[in-house]
Amino acid sequence: QVQLAESGGGLVQAGGSLRLSCVASGRTVTMAWFRQVPGKAREFVAAIKRSGVTAYAGSLKGRFTISRDNSKNTVYLQMNSLKPEDTAVYCCAAAPNDYYEITYYRGSDKYDYWGQGTQVTVSS
């Protein structure tokens, strides 16, 4: 079983940046970031395969960048030009395969392993 541990969350002013990290206990295939606000459904943020193929939520409009270091079993989320509406708990997730089209991995049900989440709060 893969253990995931996120870090890098915190309080930042609107327009600022944060870089989230997620370290896995072992090799991972497809990795993703989701976010959730109380009372709302979990929202897809971004996904990345080991090959580097990525997918993003359209609403991010280029502000976020997902990347990974396969040698370190780590995935990152660079968050720029943050807005108050980006405030949420951000969780990373790992899926056991990568053979579907990247759009398939937008669904949270595709992931077997989840981190505990890290809080991101953007003030106005």
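Y100 is found in the loop between β9 (88-95) and β10 (113-114), strands being DSSP runs of E with at least two residues, numbered from the N terminus. The model is a predicted one, in which local features need pLDDT of at least 70, side-chain atom pairs count only at pLDDT 80 or more, and totals for chains, interfaces and linings use all residues. Residues are numbered from 1 along each chain as its sequence is written, and side-chain values use heavy atoms, with hydrogens and water left out.

Y100 counts as partly exposed because its relative accessibility is 34% (buried means under 20% relative accessible area, exposed over 50%, partly exposed in between; 1.4 Å probe, protein chains only).

Turning to the overall fold, the secondary structure comes to zero helices and 11 strands. With 124 residues, a compact globule would have a radius of gyration near 14 Å, and the 13 Å of the protein agrees (taken over C-alpha atoms; the globule rule is 2.2 Å times the number of residues to the power 0.38). The C-alpha trace spans about 40 × 25 × 25 Å along its principal axes. Of the 124 residues, 45% are buried.

Conventions
Helices (H or I, at least four residues) and strands (E, at least two) are DSSP runs, numbered from the N terminus.
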